[in-house]
Amino acid sequence: MSGEAFKKRFGFARSNTSGEPSGGITELTDVGDVKGGMSTDVKSMDVGADASGFNDGDAIIANDVRRISEVEAHTRLRKFRREHQFDPNLPDDAFDEIDETTMAHNAKGEAELVGELVENSPYPEVRAVVRNYDEDVPTSTIRAWVIGMILTTVCSGVNALFFLRYPIVSIGPYVVQLVAYPMGVGWAKVMPKIDITIPGLGTANLNPGPFNIKEHVIIVAMANAAFGGGTGYFVDTVVSVRKFYGFTNFTWGFNILFAFSTQCIGFGLAGSVRKWLVEPAAMIWPAALVNVAFMYALHDHSASDPAKTNGWTISRYRWLLYVCAGMFVYCWFPDFIFPAMSYFAWVTWIKPNNVLVNQLFGQTTGISLGFPFTGFTLDWAQINSFYGSPLIAPWHGIANTAIGIVFFLWIVTPAIHYSGAWYAEYLPISQNGITDHFGKKYNISRILNAQHVVDPAAYEAYSPLFLSTSFALAYGVSFATIAALVSHTYLFHGGEIWRRWKAREGELDDIHMKLMRKYKLAPHWWYLALLLVMVGFTFASALAYDTGMAWYSVILALVIAAFWTIPIGIIQAFTNIQLGLNVFTEFIIGYVQPGHPIAMMMFKTYGYITMTQALYFCQDLKLGHYMHVPQRSLFAAQLVATVWSCLCQLSVVEWAMGAIPNICTPEAANSFTCDYIKTFYNASVIWGAIGPKHMFSSDAIYSKLQYFWVVGFFLPFVIYGLARAFPKSGIRKLNMPLVFSCMGYVPPYSAMNILAYCSVGYIFQKYIRDKFRGWWMQYNYVTSAALDVGLALTSLAIFFFIQLPVNGQMPAWWGVNVIDTIDYEGGAVQKTVTKPDFFGPKEWKW
């Protein structure tokens with residue numbers, strides 16, 4: 001089969017997306033990042049091409065294909081097939097094509113297949129947006145740094161301030177990506193072209209020409225590093241310690257050590273695992289592809305080729321603007337004017353006070369049984385609230401999530417709930433609150449002494465803790481998720497991890513890594529040195545202050561973060577779905593150091609959040625990899641933005657805690673009640689002060705959930721055996737950690753959120769992708785970015801123009817009032833008790 005026939009069979013519209021390699025070379029301010037100081041010095045690279053050929057990935061691939069022997073091609077294809085046998089993103093036809101070509105010993109066909117599958121990216125998602133050539137343009141410019149630091153400062157401060165408010169509002173990286181474009185273009189039009197000498201760094205031009213895409217990547221990398229995951233998790237701890245625990249001895253020294261270490265340890269981890277999570281072509285990082293598509297849509301305004309896009313000619317830039325504008329207008333309806341569009345649970349509107357109806361068909365504290373026929377949502381904020389946009393994750397990841405949610409929330413949850421187990425008749429079927437044995441919200445203050453430690457006598461005089469059925473089940477399923485990760489990673493990815501560990505530098509490079517090697521790479525010792533410094537900061541923050549955290553707990557937290565970064569990172573790189581360690585870290589510290597709530601907060605942050613930070617950084621490194629941005633420029637941008645963002649957030653939070661009257665109390669001005677941080681504080685008390693022993697051990701109410709550890713560990717062995725027995729079936733795409741992780745956000749999210757996400761995912765990632773591949777490759781990721789940006793702009797407009805200045809609310813009308821059911825209000829329980837009566841065990845001991 002010829003190369004063109006292969007592309008047609010797999011739906012590859014082209015190797016390069018819009019545009020051609022740039023033949024010209026502009027002023028290069030990153031000269032120190034280029035090997036030999038010259039971007040065009042390629043003779044030592046032995047690629048058999050001239051300067052433009054070295055920049056053009058297709059030329060490199062063609063050169064490799066010309067030189068390869070039949071034996072080598074045959075060997076590489078069989079090796080590729082073996083190593084990717086469980087790769088869920090690889091098209092199924094690729095395996096058939098490899099088998100047909102190698103069995104026929106077609107030398108030319110084997111060579112072309114090596115070029116298309118091994119040397120080039122075999123993934124339609126990547127080919128849809130990533131270009132196989134590099135352009136020599138300025139990257140780490142004064143313009144990029146000034147715009148990046150301005151946006152980092154403003155957005156970090158705004159996000160930190162309004163994180164203290166209810167409801168919160170945040171400015172995300174997509175908004176920054178959009179705003180940075182006109183700022184960069186404006187700079188290029190108005191700033192003079194003069195050279196400026198920067199002490200210690202040399203000379204740089206204030207305006208090195210048109211604002212280019214690599215500068216844009218530097219700005220976005222700064223934003224992602226600074227606040228891509230929202231406000232820094234250290235803010236929760238800093239505010240909880242000061243405002244809820246009332247400890248005043250945690251000063252700026254602690255705050256800076258804690259903030260820097262929690263944010264930058266992840267940076268060090270990310271750099272240390274690049275060879276497993278960034279460099280392999282199989283690690284596609286779907287969210288990075290959206291950033292790439294968004295970038296090219298903004299910078300490339302050329303019309304689309306209708307022969308390749310199912311007849312569409314509109315440019316991605318205009319499509320982006322149209323969808324974004326339409327979404328901005330549309331979102332005013334479900335998010336403000338017509339809330340019933342957001343929670344369209346029409347069955348509960350008929351019987352708003354019927355407990356059974358609201359439990360089964362409700363969308364807030366119910367399980368949305370029969371979705372979408374018994375209720376649905378028309379609110380993009382509800383659809384993408386679970387794992388982000390459903391236009392990003394591949395269909396196999398979405399399908400695993402759908403399988404899990406239907407099984408656990410539609411079958412297991414009602415089976416447990418209506419059996420009467422766990423005193424479920426006195427509790428909502430799905431709610432994330434902690435309840436006492438009177439059916440009321442658990443009053444934590446009743447069991448704490450002046451030192452915020454549990455008083456055993458008070459606990460025994462008050463009540464044990466009770467969870468709603470889905471909430472309790474979610475803990476058990478989270479145990480299974482962690483256990484399944486261990487066995488799944490060993491079985492399905494262990495060989496690849498070991499192969500990468502043993503590989504020589506450059507041996508396993510994909511085409512983008514080959515293009516990147518013309519620049520000086522950021523050495524591993526940079527990341528390791530940063531990691532060691534931040535580990536020192538970690539011990540200083542934990543042990544030099546009265547946190548109650550033991551040295552062995554610090555080590556254990558860091559080991560957990562390091563150990564799980566690769567397994568969880570592999571799944572996220574494949575699917576855009578990140579599995580959480582929040583329950584696992586809470587569970588561990590609750591046994592290791594019971595009765596130390598501040599230690600629990602810090603352990604959770606170091607064991608879980610540092611890992612999530614590492615994966616955010618990995619995603620940004622992949623973005624730089626796809627866009628061929630010099631690694632050293634990216635390293636500097638990410639590190640400086642992260643450190644500066646920590647200082648900005650801490651400064652704003654410290655100012656707010658001293659300047660806003662009654663902050664973090666119900667009487668706070670302008671609703672700065674810190675409600676989201678209060679939830680974090682409550683969790684620290686429950687897990688740190690009370691601990692898992694009183695919920696999951698021996699005679700505790702939820703002790704049977706511990707069996708999920710065993711179930712989770714052994715199920716991947718069953719799937720692995722079936723996948724080996726039936727290699728051409730869809731079983732190879734069944735991922736048990738993903739199936740279990742479906743309950744990771746349930747509650748507060750319901751089956752409505754998750755199944756709406758899965759439904760839209762099916763439309764775009766299965767139906768449109770299969771039927772209209774050309775349109776999908778050209779517009780899918782741009783559409784995803786436009787929908788998210790439109791929603792974000794609407795949310796910001798509602799907040800800053802209506803809610804913040806006048807605390808505005810939509811006047812009451814049917815579209816506002818109809819959702820006020822007992823499901824929405826959280827009152828759908830089968831039985832209630834009146835004091836002094838209570839439900840649950842008659843005796844409970846500390």
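Author: This is a predicted model. The axes of helix H27 (residues 597-627) and helix H28 (residues 631-659) come within 11 Å and cross at roughly 145°.

Reader: What residues make the contact of H27 with H28?

Author: From H27, Phe617, Asp620, Leu621 and Gly624 meet Leu634, Gln638 and Thr642 of H28. By class, three residues of this contact are nonpolar, three are polar and one is charged. The crossing of H27 past H28 is right-handed.

Reader: At what angle do H20 and H22 pack?

Author: Helix H20 (residues 395-417) packs with helix H22 (residues 469-502) at an angle of about 115°, and their axes are 10 Å apart. The crossing is right-handed here. On H20 the contact involves Phe408, Leu409, Val412, Thr413, Ile416 and His417, and on H22 it involves Thr469, Ser470, Leu473 and Val477. These residues divide into six nonpolar, four polar and no charged.

Reader: Why is the pair of cysteine 664 and cysteine 674 called a disulfide?

Author: The criterion is a pair of cysteine sulfur atoms within 2.5 Å. The sulfur atoms of cysteine 664 and cysteine 674 are 2.0 Å apart, and the pair therefore qualifies as a disulfide. A search of the whole structure finds one disulfide.

Reader: What makes this disulfide left-handed or right-handed?

Author: The torsion about the S-S bond of cysteine 664 and cysteine 674 is about -60°, so the disulfide is left-handed.

Reader: Which parts does the pair tie together?

Author: Both cysteine 664 and cysteine 674 lie in the loop between H28 and helix H29 (675-690), so the pair ties together parts that are ten residues apart in sequence.

Reader: How do you know whether cysteine 664 and cysteine 674 are buried or exposed?

Author: Buried means under 20% relative accessible area. Cysteine 664 has a relative accessible area of 8% and is therefore buried. Cysteine 674, with a value of 0%, is buried by that criterion.

Reader: What is the case for cysteine 742?

Author: The closest cysteine sulfur to that of cysteine 742 belongs to cysteine 758, at 9.1 Å, which is too far for a bond. Cysteine 742 has a relative accessible area of 0%, and is therefore buried.

Definitions and conventions: Residues numbered from 1 in each chain as written. Predicted model: local features only at pLDDT ≥ 70, side-chain atom pairs only at ≥ 80, totals over all residues. Heavy atoms only, no water. Axes fitted to C-alpha atoms, helices over the stretch in contact; angles between N-to-C directions. Helix = DSSP H or I, 4+ residues; strand = E, 2+ residues; numbered from the N terminus. Left-handed = near helix turned anticlockwise from the far one by under 90°. Contact = heavy atoms within 4.5 Å. Nonpolar A, V, L, I, M, F, W, Y, C, P; charged D, E, K, R; others polar. Buried < 20%, exposed > 50% of the residue type's maximum accessible area, 1.4 Å probe, protein only.
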